[in-house]
Every structure is written in structure tokens, then in C-alpha cells.
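I opened this entry to look at how two chains meet. Confidence comes before contacts in my notes.

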Amino acid sequence: MSEAEAKTHETFVLPARVVSRVDVSRLVSEIEWIDGELTAAAVRSKTGAEKPVQPAYSDQLNDFLKDNGLSLDDGRERSTLIKEVRLLKDTAPVIHMTFAVPADHESLQELAQWLRTEIHPQALIAIGLQPALVAGVYLRTPNHIHDLSLRSVLKGKRDSLVKELETLRGQ
Amino acid sequence: MGLFQHKDHKGLTDAEAFEAEQHFFDENFREELRNHGRLYFEKVIKENGKIFKEDLDATIASVNTELKDHTDKQLEEAIASIKAELKEHVTTQLDGQFTEFSAAAKESQDVALKSLTDSADNLKKQHEDLASTLQKSIANQSLMLESLFQENMNKITAVKEANEAALQSLNQSLDELKAQNEQITEVLEKKIATQEEAIIKAFEGNMAQVVEHYLLDALSDQYDLKAQLPSIIKQMELNKQAMVDDMKL
């Protein structure tokens, strides 16, 4: 049994570059396209045509193949990989994270890395933007909401602010 | 020395002389003479014309001066005559009108004097009538005023009594109003204190919102995600267990 056959959608290691479900979809599309290209090349080579140029992989796919010890040389392995990556796309847990400012790719990679280390190895992030949060993150796991924004902190501290004002008035 | 000096005229006959003359006075020579005569005639005409023009100008100037003098003299005489006639006529007219105006004025003065005399008589008579009527009227009014005075005195006494009663009633009302005013003041003071407390509480609540809003405005866009990342990860660390449990469900 090869490495690709041993790996399933439940055991895939996701590289830091793959952050969201869209990235996984992109991986599926790219593997499908490469599979098509390589199959066509194999058929053409049987007819004695000139050997085609190896298709270039994206950074995300490179990291994915490298982290999982996979290669796309074998046609059967490619088919299995396509099926498993599709399953990964459908089953990987998604954590919705809404930020107050636009998220840059490096920060997202760092967050994805932390989530995969601490929460779930295949966690994906769905990103949202809500400037009213001021700072922090509004986080939604499959069943819970964690408001870790500054807005929430300020709202929680409103009573103490009122008390402070009352104290000031008393002076 | 002449043009024909070499010729000898003494031996010529009349016929020859006529022929020679005819030969000499040919058409061209005649034309020359005519032109010479015409020029001389024009010169004489021009000189005479110039002299004639100067004479004519002098004559016209002299005639003009004389005519002007004559006209001035005639005009002065005519104006003097007209002035004398006009003065005489105006004097006559004015005298006649003055006489008429004097007569009319005298007549008017007489009429006015007569009218004034009549009016004075009438006025005197009317004055006498009015004096007698006034005396009668004063007597009547004196009687009426006396009775009215008595009546008013009675009324004033009644009004005074009514005023005293009203004043007493007013004093009583005033005391009641004072008491009511004190009660209302007390209630209002209590209400004001309550409302003041409520307003202050509302203000504090709003102030908290204002401060919060200010902070939100002031802090928004101040930090990018990279700057917030340590804080976010720290927050997630605190909630890690809940998140892991949620993933297992």
C-alpha cells in the first residue's frame, strides 16, 4: 500500500497556507486539472508523441503534498487523493472568525496553525469582517459563540464605568 | 537790320505792294493778331472788373451804414411815440378802475357794518335768554344733585360693608392658599429631587455609552490583525477547552 492510499481525509495534515474551505476547494480543482493533464500526457506518450512538460504546482499544493508525503505520479493514487480531498473539504470542521479589520494572510496562517495545534488538526477558518467589534475576534465554533471582541469587553465593563461615574459625582 | 533789308521796296507797284501785303498778312499772321487782341481784351476786362468790384463794395458798405442809421432813427422815434401813447392809456384805465374799486369797497363796508350791528343785537338778546334759562337749569340741577348725593352716600355705605366682607373672605382664602402653596412646594421639592436622581442616573448610563462609543471610535482602525494576534490567541487560549469540547460534540 502506497503513502497516498494510507492517508485518508481524516489523517491529512493541512499546511499553514491552506486556511479556508475555499483553499481546499482550490486544491481539489488543481489536483483534478493535474490529473487530467498527466492522464492525457500518458496517452500521448503511448502514441509516441513528444514527452510533455511536467505541470507546475501551486505553493499550497506543493506544501500539501510535501507535508503528507504524497506525489501525483500515479494515476490511481491521484484518483484516490481527489476523492479524499473532496471528503476533507466536506468534513473538515470550520471555525468562523469575524475580525474588526481586514485579515492579512500571514495572520490567518498563524491562527490556522494555532487552531490545528490546539483545537483540531484539520480545522478550517471562515473569515468575516465587522468593524464594530473594534478589536479582537468574534468566534463561532459549530455549536457555540465566543465573543472575544473589545466591544464585548467594554459592554461587560459598563456597570463598573457607571459606578465610577457615581463615585465621581459623590466627590 | 531788318528781315527784308536786302529787298528794295521803292520800285514796287500798288498791285505788287498789295500782293506783297497779302503775302505778308496770311491766315496765320491774322490768327496771331486775333489771339493777341483777345488776350489784351481779357486783360483790360479783368482790370476793369476788379476796379468795378472795389467800387461796388465801397458803395454797398456806404449804403448799408446809411440805411442802418436811418432805420435806427426811425425806430427810436416810433418807440418814443408808442411809449407816450401807452403810458397815457394805462394811466386813464387805472384811474377809472381805482374809482370803481373805491365805490364798491365803501358799499361793502356799509353792508358789513349793518350786518355786524344786527348780529350784535341778536347776540345780546340770545345772551339774556340763555342767562335766564341757565339760572333755571342750575336751580333744577342743584336739587337733583342733592338727592343724588344722598342716594350715592347710601350706596357707598353699602359698598363699604360689602368690601369689608369681601376682604375678610379674601384674607381667609389667602391663608388657605398659603397652606396649599406650602403643601405644593413640599410635593414639588420631593418630585424634583426624585427626577434629579433619575436624570443623573440616566445621564450616568448615557455617559457610560458615550464613553464606550468614544472608545470604540478612538480605537477602531488603530490596530491591524497582526497587532491584535497575540491578544486574540491569548483570549482563545482562555477559551480553548470550551472550543475543544465543542469540536468533539
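Predicted model: local features only at pLDDT ≥ 70, side-chain atom pairs only at ≥ 80, totals over all residues.

Over which residues of chain B does pLDDT stay under 50? I looked this up before anything else. The stretch is residues 1–5 of chain B.

**Confidence.** I then took chain B as a whole. Its mean pLDDT is 86, and 92% of its residues reach 70 or more. By element, helix 1 of chain B (residues 14–24) has the lowest confidence, with a mean of 78. Helix 2 of chain B has the highest, at 90. For the model I noted ipTM 0.80 and pTM 0.48.

**Chain A.** I listed its elements next. Chain A has 7 helices and 4 strands. From the N terminus, I read the order as α-α-α-α-β-α-β-β-β-α-α. Chain A has 171 residues, and 25% of them count as buried. I also checked contacts in chain A between residues at least 6 apart in sequence. Of these, 75% join residues at least 24 apart.

**The interface.** I counted residues on both sides. On chain B, 31 residues are in contact with 33 residues of chain A. Three elements of chain B give two or more residues to its side: helix 2 (27–219), helix 3 (225–238) and helix 4 (240–248). Helix 2 of chain B provides the largest share, 10 residues. I sorted the chain B side by residue class: 18 nonpolar, 6 polar and 7 charged.

The crossing is right-handed. From helix 5 of chain A, the contact uses Glu106(A), Ser107(A), Glu110(A) and Trp114(A). From helix 3 of chain B, it uses Leu225(B), Lys226(B), Leu229(B) and Ile233(B). I sorted these residues too: 4 nonpolar, 1 polar and 3 charged.

**One residue.** I ended on Leu225(B), which lies in helix 3 of chain B. Is Leu225(B) buried or exposed? It is buried, because 20 other C-beta atoms lie within 10 Å, and the cut-off for buried is 20 or more. I then listed its contacts, leaving aside neighbours within four places in sequence. They are Phe99(A), Val101(A), Ala103(A), Asp104(A) and Ser107(A). Ser107(A) also belongs to the helix pair contact above.

How values were computed
Residues numbered from 1 in each chain as written. Chains lettered and ligands numbered in written order. Contact = placed C-beta atoms within 7 Å. Nonpolar A, V, L, I, M, F, W, Y, C, P; charged D, E, K, R; others polar. Buried ≥ 20, exposed ≤ 12 C-beta atoms within 10 Å, placed from the backbone. pLDDT = per-residue confidence, 0-100. Left-handed = near helix turned anticlockwise from the far one by under 90°.
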